[in-house]
Amino acid sequence: MRPFKLDRPTVADLLACKGKRQLTQVLVKSLEEAEAAEAASIEMINLAGESFTPEYRAVMPRAFVTVGLEYGTYVTAEDYIRAAFSAMRTGADAVYCAASVEIIARMYAEGIPVCSHVGLIPSRCTWTGGYKAVGRTAQSAFKIWQDVQRLQAAGAFCIEMEVVPDRVAAEISRRTSMLVISMGGGPGCDGQYLFAEDVLGITTGHMPRHAKRYRKFAAEYARLQKERIAAFGEFKRDVESGDYPASDHIVRINDDEFEVFLKQI
């Protein structure tokens, strides 16, 4: 159940939950996933900016929707601000932005709610040694804390804390006024975040340590693909044998009308 007085939470509603309960957040990539997350009362739903349409907002009327502004797609503060306003006109409640604190400060000055990112940031992971945990040394952990302070000063209301030691994440979370959503940062944050593709078991191959698979959609998709191939093959064989189209699949014409047609041509 959602802990909000109104069906659709605001930034203020989410911040009021800090330190009181764990929120849930998922990243979705299809209308079906979005509708399912909404039906399951997931409080916060993320999706990529280029896929967000009014249809997504329509199937998520009660969720807090954050639209991701992919790092590198936009360059200047004006680019980000324009994209953010476009998303919010479509129905977004906030935007995800991993750009500089200067750009986030510009967005905050325009009243745009921004969720940013610390720890393992995929678009910048070359600086932290690749796709691995960040904050396992005192120096690295303190750098995360400094990043959090800068983002808070810039006006971000929320941060994603990705693959950071649980004790580090918990200490930072209780020392910032921002909402801290954990993706592999342990239970001491304000919420837990997973990708729908991991929750549903769509992902094949390597699974991140923090991910948890609740279903095995990949196996079902493989089964469905075999069924697609079989169905197409049966269709082809029916055409070749003359079994398709059968009498049930064709439209009839009255004999008299057909005779008139023949005379006309």
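Modeller: Happy to! Phe 235 counts as partly exposed because its relative accessibility is 48%; buried means under 20% relative accessible area, exposed over 50% and partly exposed in between, with a 1.4 Å probe and protein chains only. This is a predicted model, so local features need pLDDT of at least 70 and side-chain atom pairs pLDDT 80 or more, while totals for chains, interfaces and linings use all residues. Residues are numbered from 1 along each chain as its sequence is written, and side-chain values use heavy atoms, leaving out hydrogens and water.

Tyr 244, at 35%, is partly exposed too. The structure holds six aromatic pairs (Phe, Tyr or Trp rings, the six-membered one for Trp, with centres within 6.5 Å; planes under 30 degrees apart are stacked, over 60 edge-to-face, the rest tilted). Phe 235 and Tyr 244 form an edge-to-face one, 5.9 Å centre to centre with 70° between the planes.

Now for strand S6, residues 158–162, where five of five residues are buried (strands are DSSP E runs of at least two residues, helices H or I runs of at least four, numbered from the N terminus). Cys 158, Glu 160 and Glu 162 lie on one side and Ile 159 and Met 161 on the other. In a regular strand, side chains alternate between the two faces of the sheet.

Five bridges join S6 to S7 (residues 179–183), running parallel; pairing takes at least two DSSP bridges. Here Cys 158 stands opposite Leu 179.
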